[in-house]
Amino acid sequence: MNIVQVLVNSLITSAELGLIAIGLSMTFSILRFANFAHVESAVLGAYLVYLFNVTLGWNFALSILVSTLILGTVGLALHRFIFRRFANSGDITPMIASLGLAITIRHGIQAIWGPQHVVYDYEVLPGNKIFGAFITDPQIWILITAVSAMVGFHCLLQYTRIGTAMRATAANVDLAQACSIDTQKVILLVWFIGTGFAALGGILIGWDTQVDPYLGFNLVIPIFCVVLIGGVGSVYGAIIGSLIVGFAQNFGLAFNYAPLINLFGLLDLGDRFDLPAAYKPAITYMAVVLILLIRPTGIIRKEVS
Amino acid sequence: MALLQVAALHSGYGANEIIHGVDFHVEEGEIVTILGPNGSGKSTFIKTILGYLKATKGGVTYRGNNVTGHSPTQRISLGMGYIPQLFNIFRPLSVRANLEMGGFSLSKQAMRARIEEIFDLFPRLRERATQNAGSLSGGERQLLAMGRALMPLPRLLFLDEPSAGLSPKMADQAMGHIKSVGSKGTTIVIVEQNVRRALSISDRGYVFVTGQVEFEGPAQAILSDRRIREAYLGG
Amino acid sequence: MERLTLLRRALSGAIIALGVVGFASAAFSAAKGDPIKIGVIIGLTGPNAVAGNDGLAAMQLAVDEVNAAGGVMGRPLELIVEDNEGRPKAGVEAANKLADVDQVPVVIGGYSSAIALPVGLVLNKKKVVWVTDATTNKLKTVGPYLFNTAGIAEQAVALVDFAKADSGAKTLSGLFQNNPIGQDRAAVSEKRAKEVGVEWNHSMLYQVGAKDFRAELTKLLAAKPDAILTDIYDNDAQIIQRQLYEMGVTEMSMFYSYNLSAFATLPPKFTVGMKGLSYATSGARAASFNEKFREKFGRIYTDAWAPPFYDAVWIVATAMNLANSLDSTEIRNAMWPAAYRYNGVSGLGDKGFNRWGMQHADQNAQASFKDGKIQPYFVAGSANNILIFRYEDANGVPTADGIPLAEAPSEEELKALYSGN
């Protein structure tokens, strides 16, 4: 088994999941409901890049930038016209609304672009060989983009006043208001960045593979697992969670379990026992179960102020 | 003119009215304590004055302005301050960041200067400046909560049960801090169940019972009124 | 002797079928009156949407022809189409709707075995005839209202022989869908490999519709098999082939596919040298079917399982005419004689059902990709690329699975066949 290849694969998976999960965790930290439409924003962002780059022939980087900003604005509109109305309706009503919205977006996409997948307009080439592992140019860009977005967001949160206000609002909305922080503005900013990050994550997946209307449907469970593992509502937890899921999915299949199981004397499996690939989705759930057993709050405990 | 004038105020949660017509006033420089048994509406009352709950009837006048329809943020910017009973600090933020949030409306320079003043007032906080607020002791948290609320130099500060959860010794210390803040010119309204401690530093007191004012008068008068003590304040 | 009978029957069937069409189109102008409706459950969206849309187009072509030839009992035939979105649950919901609301006697569809099986169970319970194209061996066990117009997994096992003869492989691995047909492929391939003395390395069962297969592919290649057998859906093929290419596999001659048409819409460089089986479309009517399809839709179908869907409509229409009834059980009983007489465009042309309602024989073509197009492929030293499968014993005598029935089995016989259910 080529460990470097597995490592590269893990990092790419983590980068793609991470951006979307950060957005989801962010909106949860302040709005306190599970936004199922979040992953559909990722798909919509990916389709917009297709529209700009392939259909209209724009520059690829510009297409990514514009799509991300548009989706950020869509996030503002979603808050203004839909979710703001549920501010005092508990957490179930907005969650159901988000489910309905997710289905609407998914089928809207299908109505516009059709059920077939689309790919961005660039030539697929064999990857560069680095330490025996293949990594393509787009994948290198994907890692750079994801890491830059995460570092940038970290700096915003830690070193700026508005970032601190975002953390404060997430920790305690009432107290933030008592500090004359305009929490409505903070909430809008959270929607903008959260939805923009989802779009960027979706775009990176589209860049790496392809986009179809069911991308969101396939993403929703892994993304929620990432958020659960990291600690619901924690942005840094989402990053850690995405690394855990990315590595678990790739290393979980690569690993030879025979020595481990034989060591415990449970069974004699011979020299090799690989986890069948059919269990790949289950690896994610196993990680969720194991981590929640050890830490019921997820890796990063969300402090109640 | 009173700093704060409340007339025939009604409010509550949805259809469930808790405050049934309260008249209330605070003069500049006073320390006023609101007393009353659990469920008498004390916290609901100050949440309404601060704008977290909507008044269904009646009005709130602050420094001559009718603020009945104002949002909490607007009232804070007019100089009201509030320290909730629980959840009164940002636990994931550092001590310094907590103070920065308290002074969110200040300019960068004013904020820096003000943080130094708060550190001078509560030197303990300076030692803990970079620590996460969640790692502070109970007493330190109360100091931070107060420092955070004092950042924008409020004219009228509301404290919801400042001695809750503190040891008797720490509660005494907290009251000492409140008194010294009051003596520097900040008007203070305290909601308390711990009667003696709060009244001992107060000028006046209100006794709330089932959402109405049952008694109002100088702090000393309440402390010495046997009837009130026995009926509402548990001896 | 048996062979001769079969050949004679096939020829006479072809003549009859062509004659009926010719006579009908001469005698009637076109079908008139209220349409007779039958259901369709197929994946127009989701993981096998390419195949689903091809299949539906082929069915519509057949419906037009049936109606031009006089329709069903003189009335036009009409399809009520339900999209299963590639999801079993949507398929089952569609089955309930078609059976209970539209009350159709017959439903055609089910490209994916994961959908064809549960839909078959529902429709059998409701005594609605279910004609499918799916290929899992488990279809045989569902019940007497299920018919299959394409070969099932055990009829395509010759891919192992093909890979061995072509590459001299000593070790084989598999990459299949994690669903009933994928599990069948894994089981029959491994069994066959052992029979012919090839080491079976590993069966990699992947999750249909997933977006990243790098972990699976890294592991598949790391085991370094001599050849890899695959069966994957068209939407999954897009990502799998691309990721293989990105991982440096730019020449695919070690891959042998059970379902070569899943790769037909890919960029040519993702299929260089790839080989496999293609569900064969041959016989007298095949060329004309291909031409008519191109004429009507302005394109060539890419999915090899479209022709058996075309055949399904014709067999159903013939059965309804033979039964002269809309009662589903009477139509079911007429399915055997209808298929027995019908000369199809797919497989051997001979679409007769065995007593389980499955194809009694089948035909696959060895093929390979050249410039992104599927071409006939001949193993070195062989002039034949058509693999004919018949169920027969060691002496070449057809077994029960290998005998097409001219008449429906009796109720008692059917009851006995499915008594295990």
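Tutor: Of the two pairs of chains in contact, chains A and C share the most contacts, where contact means heavy atoms within 4.5 Å. The model is predicted, so local features need pLDDT of at least 70 and side-chain atom pairs count only at pLDDT 80 or more, while totals for chains, interfaces and linings use all residues. Residues are numbered from 1 along each chain as its sequence is written, chains are lettered from A and ligands numbered from 1 in the order in which they are written, and side-chain values use heavy atoms, with hydrogens and water left out.

Student: How far apart are the nearest C-alpha atoms of chain B and chain C?

Tutor: They are 36 Å apart, and chain B and chain C do not touch.

Student: Which residues have the most contacts inside the largest nonpolar core?

Tutor: In soluble globular proteins, nonpolar side chains tend to be buried together. A nonpolar core is a set of buried Ala, Val, Leu, Ile, Met, Phe, Trp, Tyr and Cys residues joined through side-chain atoms within 4.5 Å. Buried means under 20% relative accessible area, exposed means over 50%, and partly exposed is in between (1.4 Å probe, protein chains only). The largest core here has 117 residues, and those with the most contacts inside it are C:L77, C:I108, C:V131, C:L175, C:F263, C:Y310 and C:M335. Helix α10 of chain C (residues 306-323) gives the most to this core, with twelve residues. Helices (H or I, at least four residues) and strands (E, at least two) are DSSP runs, numbered from the N terminus.

Student: Where does this core lie relative to the domains of chain C?

Tutor: It lies between domain 1 and domain 2 of chain C, because both give residues to it. Domain 1 covers 2-152 + 282-362 + 400-417, and domain 2 covers 154-280 + 363-390; such bounds come from an automatic or database domain assignment. The centres of the two domains of chain C, taken over C-alpha atoms, are separated by 28 Å. Their contact takes 35 residues from domain 1 and 27 residues from domain 2.

Student: Which residues does C:V131 touch?

Tutor: Leaving out residues up to four places away in sequence, C:V131 touches C:V106, C:V107, C:I108, C:G109, C:F147, C:T149, C:A312, C:V316 and C:M335. A second, separate core has 83 residues, including A:I22, A:I30, A:L101 and B:F104.

Student: At what angle do the axes of α5(A) and α10(A) cross?

Tutor: Two packed helices are described by the angle between their axes and the distance between the axes. Axes are lines fitted to C-alpha atoms, for helices over the stretch in contact, and angles run from 0 to 180 degrees between N-to-C directions. Helix α5 (residues 137-159) and helix α10 (residues 235-254) of chain A cross at roughly 155 degrees, with axes that come within 11 Å. Angles under 35 degrees count as roughly parallel, over 145 as roughly antiparallel, 65 to 115 as roughly perpendicular and the rest as oblique. Therefore α5(A) and α10(A) are roughly antiparallel to each other. A:M150, A:F153, A:H154, A:L157 and A:Q158 of α5(A) make the contact with A:V235, A:Y236 and A:I239 of α10(A).

Student: At what angle do α1(A) and α6(A) pack?

Tutor: Helix α1 (residues 3-31) and helix α6 (residues 161-171) of chain A pack at about 60 degrees, with their axes 7 Å apart, and are therefore oblique to each other. In this pair, A:M26, A:S29 and A:I30 of α1(A) meet A:M166, A:T169 and A:A170 of α6(A). Helix α1(A) also packs with helix α2 of chain A (residues 38-55), at about 135 degrees with axes 10 Å apart. That contact is made by A:I20, A:G23 and A:L24 of α1(A) and A:H38, A:V39 and A:A42 of α2(A).

Student: How many residues of helix α1 of chain B are buried?

Tutor: Seven of its nine residues (42-50) are buried, among them B:F45, B:I46 and B:L50. Just after α1(B), B:G51 takes a positive phi of about 95 degrees.

Student: What phi does B:F87 have?

Tutor: B:F87 has a positive phi of about 50 degrees although it is not a glycine. B:F87 sits in the loop between β6 (80-83) and α3 (95-102) of chain B and is partly exposed, at 46% relative accessible area. C:Q103 also has a positive phi of about 50 degrees without being a glycine. The loop between α3 (88-100) and β3 (106-109) of chain C holds C:Q103, which counts as exposed at 61% relative accessibility.
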